[in-house]
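Welcome, and please take a moment to look over the structure below.

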Amino acid sequence: MLGILQHRIYRHLFFAQVVALLGTGLATVALSLLAFDLAGKDAGQVLGTAMAIKMVAYVLIAPLASALAERMPRRMMLVSLDLVRAATALALPFVSEIWEVYVLIAVLQSASAAFTPTFQSTIPDTLPNEDDYTKALSLSRLAYDLENLVSPALAGLILLATSWQALLSGTVVGFIASAFLVVSVVLPSGSAPQKRRGVFERARRGFRIFFATPRLRGLMALNVVVSMAGSMVIVNTVVIVRGSFGLTEQHTAMAFAAFGGGSMLAAIALPTLLKRWKDRPVMLTGAWVLLGGLGAALFADSIETLLPVWVFLGTGFSTVQTPIGRLLTQSSHGEDRPALFAAQFSLSHAGWLFAYPLAGWLGSSAGIQLTLIVLATLGLAFMFAAIRLWPADDPLVIAHSHADLPRNHPHRVESGPEHSHRYVIDELHPRWPGY
């Protein structure tokens, strides 16, 4: 897997992702502790609301940002957004009111909503070989897991010597380092669109491909399962560890690290598994693991029993998340890839937009046990939806005809009235065969 780092452009992008996510992980721990300082046992409500604001930014900003990115050099856009995120993180230690947290989170996450899908859509253009791209996806998943593993461990060490405010210095350094790494390489421009489209048409295009492709419909349901389990970990870990168990900031960091450790173990194993198994059974297995983890959490009554459950949840989380880039790449032409990655970013976070406040407010008002039951029940419903929406027989190459095209249309003349090729939704193929 590490051999892919011999590719210079990808190596710089990967390490840019690593340092930015290390900083983001420090900010996540700092935000949890800031919320506890400001709101005490109601910290779950503050975090739930802050994360809901984050999701609103992701849902609304990502599609438009991906469309605007087609008119801007990718490198300029990514570097500018890193600098905005660094400046916002620099202001967080000075907040004293809850509403100030919300404002800064809105700015920070709007920049991230523009950055992440633009960054993700650059990778398949950098690594067109599918095996290389699969390895890159697993490495990318490992980089995301650093936010849940290395960052909390580093945060725990820093907290032994100083307060949570110092954690945000690491966040600023991470974003600035990311900007330097991105500016040090020339990024591929991607496929040029066959015709010019307006910003809103480009944004809408990704959603149209999503809703017309069966495997991506199933992915939408799996996104909700992930958000139900993930929101429980992100919002309520500090409430469980510090509020219910009465433990320390270091124990909170340990719990986040356990979740990240499980996720990293799965990401390391997935390149081998995805050579033997198709994406659908692997991702569905990961979703079942997430639901099982929520059920097991009902019986976690100490830090010793909570940590293995969080490892289990992390494993399921990564197993669902890592292959997503493959699905999006298989389901689109190069010119539509930025719009499709942005649509996934937006649609997946629509689930988090619902799950974060549910986990936070229900956890505060009704207790952790009932919150786990509600989240697991909703996740199970969407699990069955995913199984139904994503057919077990899901070939990439599909035989089809074009009775709707004139006999002299170039595509019909070149390929014949009936033909087979990798089927994706576009102007010539607006509907999926059989739907």
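Asp 279 and Arg 326 are both buried, where buried means under 20% relative accessible area, exposed means over 50%, and partly exposed lies in between (1.4 Å probe, protein chains only). This is a predicted model, in which local features need pLDDT of at least 70 and side-chain atom pairs count only at pLDDT 80 or more, while totals for chains, interfaces and linings use all residues. Residues are numbered from 1 along each chain as its sequence is written, and side-chain values use heavy atoms, with hydrogens and water left out.

**Salt bridges**

- Side chains of opposite charge can pair when their charged atoms come close.
- Searching the whole structure turns up three salt bridges, each being a side-chain nitrogen of Lys or Arg within 4 Å of a carboxyl oxygen of Asp or Glu.
- One of them joins the side chains of Asp 279 and Arg 326, at 3.0 Å from N to O. This pair ties together distant parts of the chain, with Asp 279 in helix H11 and Arg 326 in helix H13, 47 residues apart. Helices (H or I, at least four residues) and strands (E, at least two) are DSSP runs, numbered from the N terminus.
- Another salt bridge runs between Arg 215 and Asp 394, whose closest N and O atoms are 2.8 Å apart. Here too the pair links distant parts of the chain: Arg 215 sits in helix H9 (residues 214-244), while Asp 394 is in the loop between helix H15 (368-389) and strand S1 (397-401), 179 residues apart.
- Are Arg 215 and Asp 394 buried or exposed? Arg 215 counts as buried because its relative accessibility is 1%, and Asp 394 is buried as well, with a relative accessible area of 18%.
- Asp 82 forms a salt bridge with Arg 85, with 2.8 Å between the closest N and O atoms. Both residues belong to helix H3 (residues 74-91) and are three residues apart, about one turn of the helix.
- Asp 82 has a relative accessible area of 0%, so it is buried; Arg 85, at 5%, counts as buried too.

**The second largest pocket**

- The volume of the second largest pocket is about 250 Å³. On a 1 Å grid over the protein atoms alone, a pocket is an open set of points where a 1.4 Å probe fits, with protein on both sides within 12 Å along at least five of seven lines, whereas a cavity is a set from which the probe cannot get out. Grid points are joined across faces, edges and corners, and the volume is the space filled by probe spheres set on the points.
- Helix H11 (279-297) and helix H13 (324-330) each contribute at least two residues to the lining.
- By type, the lining holds seven nonpolar, one polar and six charged residues. Ala, Val, Leu, Ile, Met, Phe, Trp, Tyr, Cys and Pro count as nonpolar, Asp, Glu, Lys and Arg as charged, and the others, Gly among them, as polar.

- Leu 83, Ile 176, Phe 180 and Val 183 make a nonpolar surface patch of about 370 Å². Such a patch takes residues with over 30% relative accessible area and no salt bridge, joining nonpolar side chains (Val, Leu, Ile, Met, Phe, Trp, Tyr) within 5 Å. Areas come from the Shrake-Rupley method with a 1.4 Å probe.
- Helix H7 (residues 167-183) gives the most to this patch, with three residues.
- Val 183 lies in helix H7 and counts as partly exposed because its relative accessibility is 42%.
- Phe 175 is in helix H7, but it is buried, with a relative accessible area of 2%.

**Contacts across the sequence**

- Phe 175 and Gln 17 are 158 residues apart in sequence, and their C-alpha atoms are 9.2 Å apart in space.
- Gly 286, in helix H11, has its C-alpha 7.4 Å from that of Thr 315, which is 29 residues away along the chain.

Terms used: On a 1 Å grid over the protein atoms alone, a cavity is a set of points where a 1.4 Å probe fits but cannot get out, and a pocket is an open set with protein on both sides within 12 Å along at least five of seven lines; lining residues have an atom within 4 Å of a point. Patches are made of residues with over 30% relative accessible area and no salt bridge: like charges are joined within 9 Å, nonpolar side chains (Val, Leu, Ile, Met, Phe, Trp, Tyr) within 5 Å.
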